[in-house]
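Subject: Structure handover and notes

Hello,

Please find the structure we discussed below. My notes on it come after the sequence and coordinates.

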Amino acid sequence: MQFTKAEEYGLFGLMFLAQQPTNTVATLREISDAQGVPDKFLAKIFQNLTKAGIVKSHRGVRGGFSLARPAKKIPIGEVFEAIQANGDSVKCIIHGKECPKKTKCPVRDLFIQGRRQMYAYFNKQNVQTLADTYHN
């Protein structure tokens with residue numbers, strides 16, 4: 001199994017926020033510097049996380065990001081789903097792009113079902129558990 005850079009960077013950003021005191025607002029630069037993540041890429045990831053209600057965006061001079069709810073209530077599967085642009089998009093191993101067979105490809109259906117089961121597993125894990133075991 002291979003995770004995308006967006007999923008990896010998103011998790012590292014959330015772990016950073018989870019390790020901060022409650023209601024801390026961290027700038028994108030603080031998060032990217034602490035985690036070694038490109039800030040422009042992280043900005044796009046955090047847009048998706050904000051839309052999904054996982055993080056809050058704070059505007060202004062002291063703006064940045066904070067967790068929208070306690071890290072123990074943020075399932076990893078939800079994070080992955082928020083970061084993915086198209087949840088049921090499956091890259092075809094034959095054609096190297098999105099599957100051209102939208103409805104009747106048994107391989108595509110197998111991968112979609114597998115991903116749903118994987119997300120169900122990851123939804124049993126949370127950001128706080130990861131943050132508690134991660135020390136950068």
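Predicted model: local features only at pLDDT ≥ 70, side-chain atom pairs only at ≥ 80, totals over all residues.

Residues are numbered from 1 along each chain as its sequence is written, and side-chain values use heavy atoms, with hydrogens and water left out.

Overall

The protein has six helices and two strands; helices (H or I, at least four residues) and strands (E, at least two) are DSSP runs, numbered from the N terminus. Read from the N terminus, the order of elements is α-α-α-β-β-α-α-α. The protein has 136 residues, and 36% of them count as buried. Buried stands for under 20% relative accessible area, exposed for over 50%, and partly exposed for what lies in between (1.4 Å probe, protein chains only). If contacts in the protein between residues at least 6 apart in sequence are taken, 63% join residues at least 24 apart; a contact is a case of heavy atoms within 4.5 Å.

Aromatic pairs

A pair of aromatic rings is described by the distance of the centres and the angle of the planes. Searching the whole structure gives five aromatic pairs. The rings of Phe, Tyr and Trp (its six-membered ring) pair if their centres lie within 6.5 Å, and planes under 30 degrees apart count as stacked, over 60 as edge-to-face and the rest as tilted.

One of the five is the edge-to-face pair of Tyr9 and Phe41, with 5.6 Å from centre to centre and 80° between the planes. Tyr9 belongs to helix 1 and Phe41 to helix 3 (residues 39–51), so this pair ties together parts that are 32 residues apart in sequence. Tyr9 is buried at 14% relative accessibility, whereas Phe41 is partly exposed at 32%.

The Phe80 and Phe122 rings have centres 5.2 Å apart and planes at 85°, so this pair is edge-to-face. Phe80 sits in helix 4 (residues 76–83) and Phe122 in helix 5 (residues 106–122), so parts that are 42 residues apart in sequence are tied together by the pair. Phe80 is buried, with a relative accessible area of 2%, and Phe122 is buried as well, at 13%. Phe80 and Phe122 also belong to one aromatic cluster with Tyr119 and Tyr121.

Ile45 is in helix 3 and is buried, with a relative accessible area of 3%. Not counting residues up to four places away in sequence, Ile45 touches Ala6, Tyr9, Gly10 and Ile83. From C-alpha to C-alpha, Ile45 and Tyr9 are 8.0 Å apart in space, and 36 residues separate them in sequence.

Ala43 is also in helix 3 but is partly exposed, at 25% relative accessibility. Ala43 and Gly10 are 33 residues apart in sequence, with 9.7 Å between their C-alpha atoms.

Second largest pocket

The volume of the second largest pocket is about 300 Å³. On a 1 Å grid over the protein atoms alone, a pocket is an open set of points where a 1.4 Å probe fits, with protein on both sides within 12 Å along at least five of seven lines, and lining residues have an atom within 4 Å of a point. Grid points are joined across faces, edges and corners, and a volume is the space filled by probe spheres set on the points.

The lining has 17 residues, and Thr22, Asn23, Leu67, Arg69 and Pro70 lie nearest the centre of the pocket. Two or more lining residues come from each of helix 1 (5–18), strand 1 (55–58) and strand 2.

Of the residues named above, Asn23 is in the loop between helix 1 and helix 2 (28–35). Asn23 is exposed at 71% relative accessibility and has a positive phi of about 65°, although it is not a glycine.

Ser66

Ser66 is in strand 2 (residues 64–67) and counts as buried, at 6% relative accessibility. The side chains of Ser66 and His58 are joined by a polar contact of 2.7 Å. A polar contact is a pair of N or O atoms within 3.5 Å; within protein, one must be able to donate a hydrogen and the other to accept it, and residues adjacent in sequence count only if both atoms are side-chain atoms. Beyond its neighbours within four places in sequence, Ser66 is in contact with Leu17, Thr24, Val25, Val55, Lys56 and His58.

Regards
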